[in-house]
Amino acid sequence: MSEIGKAAEPLQLLQDVERAAGLLRAGELVAFPTETVYGLGADARNPAAVAKIFAAKGRPADHPLIVHIPDATHLDRWARDISEAARALAEKFWPGPLTLILKRQPDVLDAITGGQDTVGLRVPNHPLALELLSAFGSGIAAPSANRFGRISPTTAQHVRDDLGEGGNSGVAMILDGGPCAVGIESTIVDMSGPRTTILRPGMLSAMDIGLFLGRMPAESAGANAVKASGTLEAHYAPRTPLLVMPNDSLPIVLRDALVKQERVAVLATFPAPFAHPLIEWHVAPADPAGFAHDLYANLRLLDSLGCVRIFVEKPVGQSWQAIYDRLKRAAAGSSVKSAHPANQKEETRQ
Ligand code: TXA
Ligand code: MG
């Protein structure tokens with residue numbers, strides 16, 4: 001992770017981690033980097049500290065939080081009735097972008113579980129997060145460090161822009177670990193019952209999990225799913241209306257926008273077929289890992305340009321599933337009403 005070195009000198013980082021652990025012990029909120037997105041952390045055993053997360057994010061109180069733990073040996077402090085398959089997944093993919101939903105221990109706070117009988121656990125794969133967890137020595141409850149419903153942060157500056165730092169922001173400190181390597185949130189796998197179900201796709205794919213377990217997990221529990229803000233339809237949304245569409249529809253909608261003299265933004269994996277002052281064309285990496293790494297920073301950038309709409313090329317293929325999931329939610333959250341026939345199929349599906 002060479003990007004981390006740029007944020008601060010190693011000694012300074014260790015001092016920052018110690019300070020951050022002290023703030024967590026004192027019941028304060030600390031934002032910290034993970035390999036997926038930045039988290040807004042609080043001592044998961046302290047109800048007053050956990051309440052501050054909901055206040056700072058503007059998040060509904062019944063939405064459960066992921067507890068980040070230093071390593072898999074902490075599993076039994078938070079969860080019970082853990083299957084061999086769940087332990088094997090933890091051994092294989094932790095630290096990493098995998099959240100396991102398991103039956104909770106009775107002493108886990110209701111504010112963490114949203115009053116459910118389960119708890120979400122994960123060991124993040126980021127050196128600063130792991131340092132912080134080992135210095136703190138217990139579970140850190142942390143949702144993504146953004147205002148509720150907005151785009152998740154993948155840099156410390158994104159957190160600062162969204163929530164602020166110090167003063168009366170509620171965020172005592174932001175640990176800067178550079179840009180997040182993965183860029184979209186962890187894969188959430190429910191292993192609390194007899195079935196293994198993916199509640200939220202991530203860059204650790206259903207296929208990776210299925211190949212390891214020797215059976216494919218079920219995907220998303222649909223309308224009966226437990227409440228999970230990452231599974232709400234409208235989420236990860238920029239303020240500018242966003243539309244996802246097949247690349248061959250792009251020229252049509254762009255012509256439309258130009259006729260109306262609208263300034264629009266495009267996120268695509270290929271260069272603009274023509275240049276025009278009203279079109280802000282942004283080329284994204286053509287591979288899923290690269291696209292995911294840059295996705296939220298790209299959406300924030302395009303959202304800041306004051307365009308009427310953002311058009312995003314619809315990704316195609318299994319390895320783009322988690323990215324498409326986030327794009328659909330961003331589109332749903334931006335409540336687009338477009339008359340163009342090319343968009344209608346997409347919109348009705350959201
Ligand atoms: O990559 C990630 O998972 C990031 C980093 C910071 O670890 N965290 C994250 O947290 O995305 P958040 O709160 O933005 O999304 C976590 C999702 C939410 O949709 C939450 O409802 C769900 O996990 N969740 C947590 N505990 C759960 C539980 N017991 N049952 C079902 N869903 C749960
Ligand atoms: Mg979130």
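An open sheet of four strands is ordered β12-β15-β13-β14, and its pairing is parallel. Helices (H or I, at least four residues) and strands (E, at least two) are DSSP runs numbered from the N terminus, and two strands pair if DSSP finds at least two bridges between them. The edge strands, each pairing on one side only, are β12 (242-245) and β14 (279-283). From one strand to the next the twist averages 20 degrees; axes are lines fitted to C-alpha atoms, for helices over the stretch in contact, and angles run from 0 to 180 degrees between N-to-C directions.

The model is predicted: local features need pLDDT of at least 70, side-chain atom pairs count only at pLDDT 80 or more, and totals for chains, interfaces and linings use all residues. Residues are numbered from 1 along each chain as its sequence is written, chains are lettered from A and ligands numbered from 1 in the order in which they are written, and side-chain values use heavy atoms, with hydrogens and water left out.

Within the sheet, β12 pairs with β15 (residues 309-313) in the parallel sense over four bridges. L243 has F311 in β15 as its bridge partner. Two helices lie across these strands. Helix α11 (residues 288-303) lies across β12, β13 (264-268), β14 and β15, and runs at about 175 degrees to β13. Helix α12 (residues 321-333) lies across β12 and β15, at about 140 degrees to β12. Contact here means heavy atoms within 4.5 Å.

Where does the second largest pocket lie? Domain 1 (10-224) and domain 2 (242-349) both give residues to its lining, so the pocket lies between them; the domain bounds come from an automatic or database domain assignment. A pocket is an open set of points on a 1 Å grid over the protein atoms alone, where a 1.4 Å probe fits, with protein on both sides within 12 Å along at least five of seven lines; lining residues have an atom within 4 Å of a point. This pocket holds about 160 Å³ of space, the volume being that filled by probe spheres set on the points, which are joined across faces, edges and corners. Its lining includes R147, R150, D161, D162, R239, R300 and D303. The elements giving two or more residues to the lining are α8 (156-163) and α11. By class, the lining has two nonpolar residues, one polar and seven charged, where Asp, Glu, Lys and Arg count as charged, Ala, Val, Leu, Ile, Met, Phe, Trp, Tyr, Cys and Pro as nonpolar, and the others, Gly among them, as polar.

Another set of strands involves β9 (residues 187-190) and β10 (residues 197-200), which run antiparallel and are joined by three bridges. They form a hairpin with six residues between them, and D190 stands opposite T197. β10 also pairs in the parallel sense with β11 (residues 218-219), over two bridges.

Two loops carry the backbone details. D81 is in the loop between β4 (79-80) and α5, and its phi is near 50 degrees, a positive value in a residue other than glycine.
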